Amino acid sequence: MALILEQVPWIVMPIIFPLIGSMLCFLFPAKAKSLSLLTSLVVLTCVTGLGWQLKALGSLRYPIGGWGAPLGIDLYADGLSLLMLLMAALVGLGISIYSSSYFSRDKANHFWPLWLLLCGALNALFLSADIFNLYVTLELLGLTAVALVALAGSANALISAMRYLLVSLLGSLFYLLGVALIYHSVGSLDIAILAQRVEPSPAVWTAVGLISTGLLLKTALFPMHFWLPPAHASAPAPVSALMSALVVKASFYILLRMWLEFFQTQGGSFANLLGLLGAAAVLWGGIQALRQTRLKLLIAYSTVSQLGYLFLAFPLGTSLAWKGALYMLFSHAMAKAAMFMAAGNIQFLGGHDRIAELGPITQRLPLTLTAFALAGISIMGLPPSGGFIGKWLLLQASIESGQWWWGIILLLGGFLAAGYVFKVIGHVFTHDEPTSQAGKLPATMEWSALGLALIAVLLGIFTYWPLAMLEMGSPIGTGYSG
């Protein structure tokens with residue numbers, strides 16, 4: 001049985017099944033809810049199967065159609081790919097469960113095909129082995145995300161979606177220009193071949209600058225974050241969750257992949273610049289979150305802050321720092337998806353997300369507030385939580401490398417996070433009477449948020465498997481083993 005499982009092409013299935021599910025949801029909208037839930041479960045199963053293979057093989061390269069690089073297209077999976085796929089599968093399942101009760105019939109007919117198309121694009125991106133395929137999947141991801149942001153239909157949502165579209169296209173233009181320069185200089189697009197052939201030169205430096213600028217714009221790193229808070233705050237709650245938990249992580253993943261393979265040889269000053277921008281994001285995002293009067297905007301600016309932590313690993317540059325950043329990335333996805341779902345629950349029942357008026361609503365939503373509080377534990381970096389493990393590893397890396405100033409940023413960011421999390425939780429401990437507004441929140445919306453929040457906390461207890469994944473194929477050490 002084990003031999004049969006190892007021979008199944010698990011690597012292609014997380015891409016194929018969401019695309020099939022998307023088409024079926026479009027053709028049979030009455031069955032879309034069931035199809036999406038089934039597809040999410042199948043994708044999680046396929047990712048588990050791929051993990052089984054990688055445990056034995058370390059890494060896996062799959063030539064599509066039997067034609068490998070440089071003539072054909074390869075898929076590639078290692079521990080880093082597996083971690084990202086598992087993150088997307090878990091959050092995706094939570095979003096599918098949550099959305100099954102969130103949308104009206106009309107909105108649901110548009111949401112389900114777009115959501116599964118985005119899921120397929122995201123999985124294809126995590127498994128792509130050349131920089132042009134990464135561009136194609138990134139474009140598909142961006143276009144579906146724009147459509148989902150506009151799904152709310154309000155004026156603010158449409159304006160935010162248009163702004164996001166223009167930013168996404170600008171970032172893609174920078175990225176594609178960089179890809180063209182690299183192909184002209186090296187003669188290949190496959191990442192494994194580029195890792196062997198890329199030599200420092202003015203053309204390569206220019207390409208690195210163009211690609212990095214495009215990806216940082218899509219990742220919404222300070223000061224290029226201006227599009228993110230309005231888009232996340234005006235989108236429907238499930239869309240805000242997937243945007244913050246998954247979509248902005250895709251462009252970071254591409255930058256990290258390229259950095260580990262050949263970008264880091266192009267100079268250390270760029271790494272320090274990324275670290276400074278990350279530190280500024282941590283502080284600026286935290287301060288802006290404290291100033292917000294609306295819950296979804298507070299969570300959106302929290303995302304700006306939390307993304308900054310990931311870039312502190314670049315100047316540190318050690319295996320420990322990369323593990324800390326990736327652990328934070330994984331736990332942040334769970335916690336931030338839970339937070340946006342909790343905000344969606346409050347808005348769903350109360351009709352608004354004004355923080356000063358949350359007291360009467362939150363009295364009726366104990367599970368929702370529990371989910372928000374548990375997610376907040378991870379965002380603050382308190383033990384036991386995945387956020388604590390990630391920050392601890394980054395702090396340890398900063399001390400061991402002698403770059404203690406990054407540790408100060410970690411501590412200041414934690415204090416700011418505590419401030420804006422307790423700003424919301426404080427409304428639970430009031431004497432306000434529960435709202436008498438009619439309506440009842442579906443149980444699936446509360447439990448899905450609570451489930452993801454629990455995962456974020458449990459990541460601080462069960463640390464072995466996530467860290468063991470990052471050893472598969474040595475993605476942090478030696479990179480692609482073509």
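Q: How many bridges join strand β1 to β2, and in which direction do the two strands run?
A: In this predicted model, strand β1, residues 60-63, is joined to β2 by 4 bridges, and the two strands run antiparallel.

Q: What angle and what axis distance describe the packing of helix α4 against helix α11?
A: Two packed helices are described by the angle between their axes and by the distance between those axes. For helix α4 (residues 79-102) and helix α11 (residues 237-261), the angle is about 170 degrees and the axes are 10 Å apart. An angle over 145 degrees counts as roughly antiparallel, and α4 is therefore roughly antiparallel to α11. On the α4 side the contact is made by L80, S81, M84, M87, A88, V91, I95, Y98, S99 and Y102, and on the α11 side by A237, P238, A241, L242, A245, L246, K249, Y253, L256, R257 and L260. Sorted by class, this contact of α4 with α11 holds 17 nonpolar, 2 polar and 2 charged residues.

Q: How is the packing of helix α2 against helix α5 described by angle and axis distance?
A: Helix α2 (residues 13-27) and helix α5 (residues 105-127) pack at an angle of about 165 degrees, and their axes lie 8 Å apart. That angle makes α2 roughly antiparallel to α5, and the crossing in which α2 passes α5 is left-handed. From α2 the contributing residues are P14, I15, P18, L19, G21, S22, C25 and F26, whereas α5 contributes W112, P113, L116, L117, C119, G120, N123, A124 and L127. By class, the contact of α2 with α5 divides into 13 nonpolar, 4 polar and no charged residues.

Q: Which residues of α17 meet which residues of α20?
A: The passage of α17 across α20 is a left-handed crossing. The residues of α17 that take part are L367, T368, T370, A371, L374, A375 and S378, and they meet E446, W447, A449, L450, A453, L454, A456 and V457 in α20. This contact of α17 with α20 divides into 11 nonpolar, 3 polar and 1 charged residues.

Q: Where is L310 found, and which residues does L310 touch?
A: L310 is found in helix α13, residues 295-311, and counts as buried because its relative accessible area is 3%, where the cut-off for that class is under 20%. Leaving aside residues up to four places away in sequence, L310 touches F252, A325, M328 and L329. Between L310 and G390, which are 80 residues apart in sequence, the C-alpha to C-alpha separation is 9.6 Å.

Q: Is H110 buried or partly exposed?
A: H110, which is found in helix α5, counts as partly exposed because its relative accessibility is 44%. The C-alpha atoms of H110 and I346 are separated by 23 Å, the two residues being 236 residues apart along the chain.

Q: Which residues does a cis peptide bond join, with omega about 5 degrees?
A: The bond with that omega joins F222 and P223, and P223 has its place in the loop between α9 (202-219) and α10 (228-234). A cis peptide bond also joins P383 and P384, with omega about -5 degrees, and P384 lies in the loop between α17 (366-380) and α18 (386-400).

Q: What is the phi of A220, and where does A220 lie?
A: Although A220 is not a glycine, its phi is positive, at about 65 degrees. A220 lies in the loop between α9 and α10, and A220 is buried, with a relative accessible area of 0%.

How values were computed:
Residues are numbered from 1 along each chain as its sequence is written. This is a predicted model: local features need pLDDT of at least 70, side-chain atom pairs count only at pLDDT 80 or more; totals for chains, interfaces and linings use all residues. Side-chain values use heavy atoms; hydrogens and water are left out. Axes are lines fitted to C-alpha atoms, for helices over the stretch in contact, and angles run from 0 to 180 degrees between N-to-C directions. Angles under 35 degrees count as roughly parallel, over 145 as roughly antiparallel, 65 to 115 as roughly perpendicular and the rest as oblique. Contact means heavy atoms within 4.5 Å. Ala, Val, Leu, Ile, Met, Phe, Trp, Tyr, Cys and Pro count as nonpolar, Asp, Glu, Lys and Arg as charged, and the others, Gly among them, as polar. Two strands pair if DSSP finds at least two bridges between them. A crossing is left-handed if the near helix is turned anticlockwise from the far one by less than a right angle, and right-handed if clockwise. Buried means under 20% relative accessible area, exposed over 50%, partly exposed in between (1.4 Å probe, protein chains only).
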